[in-house]
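Please work through each task with the structure in view before reading its solution.

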Amino acid sequence: MAEQLEPPSTSGKWANGYRNRWKWDKMAWGTHCVDCYPTNCSYRVYVRDGRVVREEPAGNFQTIEEGVPDMNPSGCQKGAQWSQMLYGKERVLHPLRRTGERGEGRFERVSWDDALTEIADAMLDAIQESGPESIVRIGTPGEGGTQTMILAGAVFNRLGTTSTDVQSEINDFNPGLYITFGRFDPAHSNDDWFHSEQLLIWANNPAYGSIPWYHFIAEARYNGTEVVTIAPDYSPSAIHGDYFVPVRIGSDAALALSMCRVIVDEGLVDEAFVREQTDLGLLVRADNGRFLRQCDLQQDGAADVFHIFDTRSGEIVEAPRTLDLGELEPALEGSYRARLSDGAEVEVVPVFALLQRRLADYAPEDASASCGVHPDTIRDLARKAARRRTMILLGWTLGKSYHGDLMERAICLLLALTGNWGKHGAGVRSWAVGMFDGQYLLGSKPRAGQEATKEVFEGQNAMLKALLSQDPTLTEEIVVAEMSYQGAFPLRMTPSAFFWYHHCGYGEVWNKAGWNDPSMKRSFDDYVKEAVEKGWWKGMDRPSQDAPPRVLFEIGGNLLRRQRGGQRMLLEHLWPKLRLIVSMDWRMSTTGLHSDILLPAPQPPGYPHFPYTTPDVMNLTLSDRAVEPAGESRSEWQFSLMLAKKLAERGKARGLVEMVNDMGETVRLDTLYEDISFDGALADDDAVFDEMIRDSALMGTIPPDTTLETLREKGSVRFTGLGRSPMALAQASDIYPNETHTPFRWQTEKKEPFPTLTRRAQFYIDHEWFLEAGEELPAHKEAPAQGGDHPFQITSGHPRWSVNSMCSTSRIIMGTTRGEPVIHINDRDAAARGIENGQEIRVFNDVAEVIVQARVTPAAQPGQLIMYNGFEPYQFKGWQDFSNLEPGMVKWLHFAGGYGHLRYRALHWQPIPIDRGVRADVAPAGSEPA
Ligand code: SF4
């Protein structure tokens with residue numbers, strides 16, 4: 001019998017030390033209001049002697065559906081060490097003013113009053129000399145999610161400064177989803193993954209990017225779900241799957257279209273779903289490739305009414321404007337004759353028939369040569385997708401690729417042919433924010449209090465009702481989207497493309513013929529010119545060529561890390577034009593180092609706050625004030641109010657008490673503070689958040705009677721309704737208290753239309769530019785050689801060890817990684833170039849060179865260089881990071897407009913920067929270029 005060991009003594013010094021670590025004076029609810037989408041992990045934050053000593057996952061999310069795992073515990077290693085970063089040496093604790101050259105790193109401490117005086121004077125100079133549009137505020141999800149945008153933007157929105165669109169800055173857009181669905185943002189609640197029978201992790205790495213929610217994938221496998229990872233590299237997500245399908249970089253469209261071909265050839269198409277949900281039954285004219293429209297058949301007919309050939313009546317009839325086909329059965333094949341209003345007869349064919357012709361190029365054996373996946377694997381995957389409830393966990397990598405739109409359109413087609421959306425466990429996943437409607441309403445309210453909320457809400461309801469009554473086929477989503485196209489939504493943004501084109505030196509880059517696709521028939525400039533002349537981007541060309549940017553604000557973001565083209569473009573072209581650069585941040589970023597004035601932000605838990613409010617987590621999660629704000633830091637809301645007061649004071653001193661903003665409205669400067677704070681009623685951080693919570697409760701998106709006080713008891717509440725923000729309405733599903741959330745159920749269950757030109761999931765785009773490019777239907781195209789003719793392609797993704805670059809200088813994180821930037825390179829590629837693991841190498845192309853440590857791994861595909869995005873440029877030699885290697889291309893077709901849903905609205909359709917698939921080469925550091 002084994003000897004029984006005595007339990008260790010718990011009275012010694014070591015035990016007291018351990019007990020001591022667990023003592024606290026108070027606990028507050030917390031989460032991390034940072035861009036770690038979908039964020040919202042609920043934490044308990046423990047405080048002793050006024051300092052945060054520990055955080056731990058709270059485990060307080062409720063069970064939603066019997067038999068489905070709950071969301072507890074939610075957390076990650078960045079969250080676990082977050083409180084340590086609050087006391088890191090890179091914290092900015094006081095307002096600072098540059099004393100040396102920009103980027104030299106020399107600052108002096110100044111008072112808030114001095115800093116604000118300098119800022120207000122520069123803004124007033126810019127307003128008086130060039131207009132408010134010459135003040136540029138960079139759009140960023142920042143440290144505080146949408147609350148930062150709303151609260152920090154209060155002054156800027158009112159003055160009509162240029163606020164660049166967050167989507168164009170970060171490009172977490174899914175252009176192919178948007179082209180197909182008129183929305184890019186389906187976001188299942190994470191627990192809905194559990195219902196899937198086939199999970200395709202496609203161009204995504206949730207084991208890095210979605211640590212708190214990855215358990216649903218593992219639990220789904222226990223439930224019988226098959227998990228397949230489709231990516232070029234054998235990622236940490238691939239390790240836990242049933243299959244790994246290595247696809248050649250940039251060839252995902254070839255793979256998806258080949259799967260579609262198998263499904264069509266083998267008679268596996270869900271025809272009823274295709275007829276009802278998609279445009280594949282609409283007729284297209286053979287003579288010009290355009291949809292057969294009502295205006296083709298009748299004088300004065302509409303351009304947005306389309307046609308099908310009804311197999312039951314044997315006639316060409318108008319397609320309903322909803323998805324309710326009634327007794328109609330659109331033909332999917334065949335060829336028909338239509339008589340036009342001028343008497344001519346033309347041949348018309350269903351889109352599905354055109355698709356069959358397109359798919360002729362994608363037999364598995366042919367596609368295999370493009371995508372590198374064995375034909376048998378293609379067939380196997382296609383059959384499974386057709387027979388199983390399939391969900392695609394799509395990341396935002398494809399949208400950052402040159403032909404990412406085509407790849408995503410092909411993936412959507414796969415889901416359409418197999419009937420895979422609008423039911424639990426099926427569909428495609430992106431991201432969305434919304435439902436916390438009180439925050440969006442704030443800028444529209446005439447005064448504080450819920451009576452004012454009711455008035456605004458009732459006014460909105462009446463307007464909505466009137467619009468819906470004019471056309472019974474309209475939906476609330478379509479009306480709200482249309483208001484958003486008209487610029488009515490309170491997030492007033494400007495696409496960044498024109499700013500980059502006119503003021504940041506990108507015009508020359510985008511015109512490089514070899515870096516664009518060969519199907520671009522004219523010069524890039526020609527397309528931009530045509531787009532502007534046709535008025536597709538009217539009012540979006542800001543700051544205009546004659547009003548160069550003068551004052552730049554980066555609040556909570558890190559422009560010089562994130563910008564494709566990096567410091568190479570911005571410091572050379574933009575910085576010299578700027579009279580004042582202001583950063584507001586809680587830590588010293590590379591952008592802060594290159595700024596003129598640095599303002600200290602507190603970062604929760606220094607004040608009450610909320611992260612993004614997402615369908616993925618489906619909870620409003622409080623991050624409360626656990627400690628006093630560090631140093632002299634002030635919340636974004638307090639910054640807005642102080643700036644408003646200072647603008648009034650400095651304006652009065654120069655006799656400027658009012659101005660005209662970009663909307664032609666007269667804005668009073670002398671009462672700016674009173675107007676924004678509702679005469680001081682919401683001047684306090686607690687007051688403004690309480691107002692937003694109460695308003696959201698009133699509008700039905702959270703339980704009635706929820707207040708800041710009740711949230712302080714519970715920590716989080718589940719959303720009860722979608723509310724009225726566009727991205728929430730785009731979920732197109734009711735929220736049920738006892739069901740996981742699945743987008744697009746309004747389409748499959750209520751037959752409501754999609755917000756596209758054809759009111760269907762649209763795979764055929766008959767815009768003249770798309771026809772010219774041969775992209776009217778999804779296709780595979782090779783990516784052009786952006787950055788020059790070099791053998792490697794750079795890919796990227798969210799890192800495991802940092803939220804963007806925020807945690808990369810944390811001592812804890814540095815102690816658990818190599819502590820400096822690395823690039824992943826395939827072992828055989830490394831050997832061929834004489835590169836060893838851990839060695840410093842040169843990564844170079846036609847635009848830049850970067851020195852970095854090699855991480856040699858067989859997990860990287862040959863020809864691939866993986867650079868996760870989690871480092872500060874100042875961690876690289878000479879501060880030259882990987883964004884410098886990116887030319888910063890955009891695809892010319894994304895300047896297209898004037899076509900149904902292909903029009904600009906905030907966070908949606910616009911030119912977006914590309915950084916995947918950039919070409920480069922490598923060599924040991926110190927070697928000469930080959
Ligand atoms: Fe969750 Fe983000 Fe915090 Fe990690 S950093 S624990 S993912 S909220």
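**Exercise 1. Describe the salt bridge between Arg285 and Asp296.**

Solution. The side chains of Arg285 and Asp296 meet in a salt bridge at 3.1 Å, N to O; the term denotes a side-chain nitrogen of Lys or Arg within 4 Å of a carboxyl oxygen of Asp or Glu. Arg285 belongs to strand β11 (residues 283–285) and Asp296 to helix α14 (residues 294–297), so the pair ties together parts that are 11 residues apart in sequence. Helices (H or I, at least four residues) and strands (E, at least two) are DSSP runs, numbered from the N terminus. Both partners are buried, a class defined by under 20% relative accessible area, with exposed being over 50% and partly exposed in between (1.4 Å probe, protein chains only).

The model is a predicted one, in which local features need pLDDT of at least 70 and side-chain atom pairs count only at pLDDT 80 or more, whereas totals for chains, interfaces and linings use all residues. Residues are numbered from 1 along each chain as its sequence is written, and side-chain values use heavy atoms, with hydrogens and water left out.

**Exercise 2. Which residues of helix α24 are buried, and how are they arranged?**

Solution. Helix α24 spans residues 524–533, and its buried residues are Phe524, Tyr527, Val528, Glu530 and Ala531. Seen down the axis, these residues fall within an arc of 165°, so they line one face of the helix; the arc is that of the directions from the helix axis to the C-beta atoms. On the other side of α24, Lys529 and Glu533 are exposed.

**Exercise 3. Identify the residues around the ligand and classify them.**

Solution. The residues with a heavy atom within 4 Å of the ligand are Thr31, His32, Cys36, Thr39, Cys41, Tyr43, Gly75, Cys76, Gly79 and Pro212. This shell divides into 5 nonpolar, 5 polar and no charged residues. Ala, Val, Leu, Ile, Met, Phe, Trp, Tyr, Cys and Pro count as nonpolar, Asp, Glu, Lys and Arg as charged, and the others, Gly among them, as polar.
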